[in-house]
Amino acid sequence: MNTTQQTARVGLFFLLGVALVWVTFETLSDGKIFAERTHTLIAGFDDLKELKNGDDVRQAGVKVGSVQLTRLAGRRAEAVLQIDPKVPIASDAVATIVMSGLIGGNYVAIDMGSNGAPSLPDGAEIRTASTPDLNTLMSEIGGLGKQLQDSLGSFSKAINGDGKAGGGIIQKLDKLVSDNSSRVDATMANLQEITGKINRGEGTLGKLVNDPKLHDELLAAVTDIRSTAAQAKEFVANAEGIMDQVKSGQGPLGTLVYDQKSADDLKASIANIRAVSDKLAKGEGTLGKLINDPGLYNSAQVTIKKVDRTLDGLSDSGPITAVGIVVNALF
Amino acid sequence: MKQINAILEGVGSVVQLLFRSLSYTGSLPRQGARFIEQCYMIGYTTLPIVAILSFFIGTVLALEAGYAMQDFGAKEFIGSLVGLSMARELGPMMTAVLLAGRVGSAITAELASMKVYQEIDALTTMNIPAAKILVLPRLAAVLVMMPVLIVIANIVGWFGGSVVARYVSYVGISPQAYFAALRHYTKFKDVMNGMEKAEVFGFVVVLVCCDIGLNTRGGPREIGAAVTRGVVVSLILILVLDYFVTKILL
Amino acid sequence: METSCSKTRNPFTGAEANAVGVKVDGVSKTYAGTEVLSNISFDVLPGEIFVLMGPSGSGKSVLLRQIAGLELPTVGTVRVDGQDPSLEETRDRVRLALVFQAGALFNSLSVYDNLALYPREHRSGTEASIRERVMHALRILSVEDAVSKFPSELSGGMKKRVSIARALVMEPQLLLYDEPTSELDPVMSATISEIIATLKNEYSVTSIVVTHDRSLALTIANRVGILMDGKLITLGTPKELAATKDPALVDFLYPKIDIQNPRFKKLENQKTS
């Protein structure tokens, strides 16, 4: 082969190589061989997190530049952003560092700013806002979970009592019923008297019974009454049990009947209960507040909203894993 | 003991040859024709085999990656895997291995036969150093041609991967997605990294093969032995250097 | 012994330079424990033709390599024009050419490039003047037809002549020949003898010729040294050698085939059986 041809081939080959290197460079690093005119903005952050040189700068998700340099400047970290000069950045636009996925890949997001605001000149400093990164988010969620647990704990304490403060709501209700059983008893007696009168056909009800037109209505009413009667029977049974106890001198009623002194106590305690229930109604005390205080309700709602927002924020960055992590943190 | 001595002797001889050759660097502009000839041998004629091999390395990488990743839905990363491993490791390594087999053996054979048939002695009596006209143009040529070979190997390998990604049923990724992933994770720095590696490999292969050729002693039978030794030593050096160069460049 | 003039003249340009002498002093060479040369000393005067003779394996070629500076003697020194020939500076100053037995032409280069390599590398003259010198040298050895051929296309004798032509192009001050007439027909042998003699007579080029061609040796030599088993057994003018009565030398210089030798007997028997 003659030498000229060989030289030509080597030359061609070499040029091809240079061209391919250039193409590779252009494709892989978005070409900076011929330094294009760029706009430089400086963004100061407390923490650049995992931002690296060459990461994207995006406005509304559209790439408008890249991170040229990251550096420490005194007590803060600065990212030098190279922005396409054709894209004006509003002077009140805010830059944030955003994760584009759970496994790495950060970029700087710049919002649109307000319409009509003047655009930032070359070399100006852009306003920044810090966004929680995954780690701070996780620790916040952990704290939130603890708060929730605490408030749920005090709620159940209020209901069940913690043994020291003399019983929760349930116990108190129980006591209320058993303490007032004599009045219930009287009520029952009245009821018995009324039903006796009905049986005998006295009064309005007696007439009702004898009026065939109203039979059907009455029947329905009787069904209701029957169920009421069943309940009443139960009450009576209770009352009978209580009466037995009273007769044998047991229980608070027994002492009430046979012991003058304890009868006084009982009166006092009933007065107490009344005071408690009054307080409840007026919204005093923890339980009362829980039931009546709109502020507490609001703050619970705020807490729940916060959790909600956190979840939203997380779902932006990776729905499945984020929920998983939140669930783990909570339970 | 004898072996260690032989290795030390070899290292010393290679280093001496390197410095002797470099001392004639100034004469390179006047050796244009020889340089072009060596470029032709090292670059142009090696291209087809480098291209074929790289294409199939790319396809195999994509195939294996696709097979391994299909179970956990990371097929989108095939592009980045092929891109990075071609650029950083397999491109330079396989090209250097081919260079050892194709160019290294030819260099050793040529210089060994020149030595055996006293052509080297004739050069010495003419006061024309072998390092100047035989070794230096080859070293320069390999430095110039290696990046060209590497960039072609990379691109052909990436393309091979995209073909598999597109047409193999269980991979089935569009070339756009493949190249997007490739571009996202492969930086030009990685390609440069691979080229630097390849330059080291190519330079060492050529230098060692020259040295072994020039140190051949005895009759024509020794030419064959020298070629074998040249290729084997080159391959070992490529793999050993690969570790250290990678570590330095990381 | 003839005295020689102290200047060499460049065969092409006519430029004069000092004639070069060689001093071999107590040279011994050992390869892997085997002594190939043992304690050899002689001087070659500037402008002299010195012929080294000896049977095969007597170490003639090895000695020539020591003189050319291709190898260093194990013991002793070689001085060309008072300096060590293995040093680059010496070869830079003293143009020294060695005609190899097998030619040692560069196989990858054409005959023309083979001859032009030296002047090109040492940048002596323009490409046109180099071409003139090359063609002149080829014409002297009547191989100008081979100018664009490659060494692999040449016969053994042609290679040898091209190789001598290549040495001539170097315009040597000291020319070393390793078996210059082997593989050559008698006519060409005579031409080579003439060339060596002409170089000496007209240009005072110092020559050392290794050969076992007795007639060549006795025709051209100023002095002849005979090597046997690595030892220089005699040194003298051709006349002195021709008059020698030493039986070993007579056997070497005038070998006779002894048909009573048992080895020949054996061959005869094999033939008849």
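In the predicted model, the contact between chains A and B takes 15 residues from chain A and 18 from chain B, two residues being in contact if their C-beta atoms, placed from the backbone, lie within 7 Å. The side of chain A that touches chain B has seven nonpolar, seven polar and one charged residues (Ala, Val, Leu, Ile, Met, Phe, Trp, Tyr, Cys and Pro count as nonpolar, Asp, Glu, Lys and Arg as charged, and the others, Gly among them, as polar). Residues are numbered from 1 along each chain as its sequence is written, and chains are lettered from A and ligands numbered from 1 in the order in which they are written. Because the model is predicted, local features need pLDDT of at least 70 and side-chain atom pairs count only at pLDDT 80 or more, while totals for chains, interfaces and linings use all residues.

Chain C contributes 16 residues to its contact with chain B, and chain B contributes ten. The side of chain C that touches chain B divides into twelve nonpolar, no polar and four charged residues.

An open sheet of three strands in chain C has the order S4-S3-S6, with antiparallel pairing (strands are DSSP runs of E, at least two residues, and helices runs of H or I, at least four, numbered from the N terminus; two strands pair if DSSP finds at least two bridges between them). Its edge strands are S4 (34–44) and S6 (75–80) of chain C. Strand S3 (residues 22–31) of chain C pairs with S4(C) over seven bridges, and Lys29(C) stands opposite Leu37(C) in S4(C).
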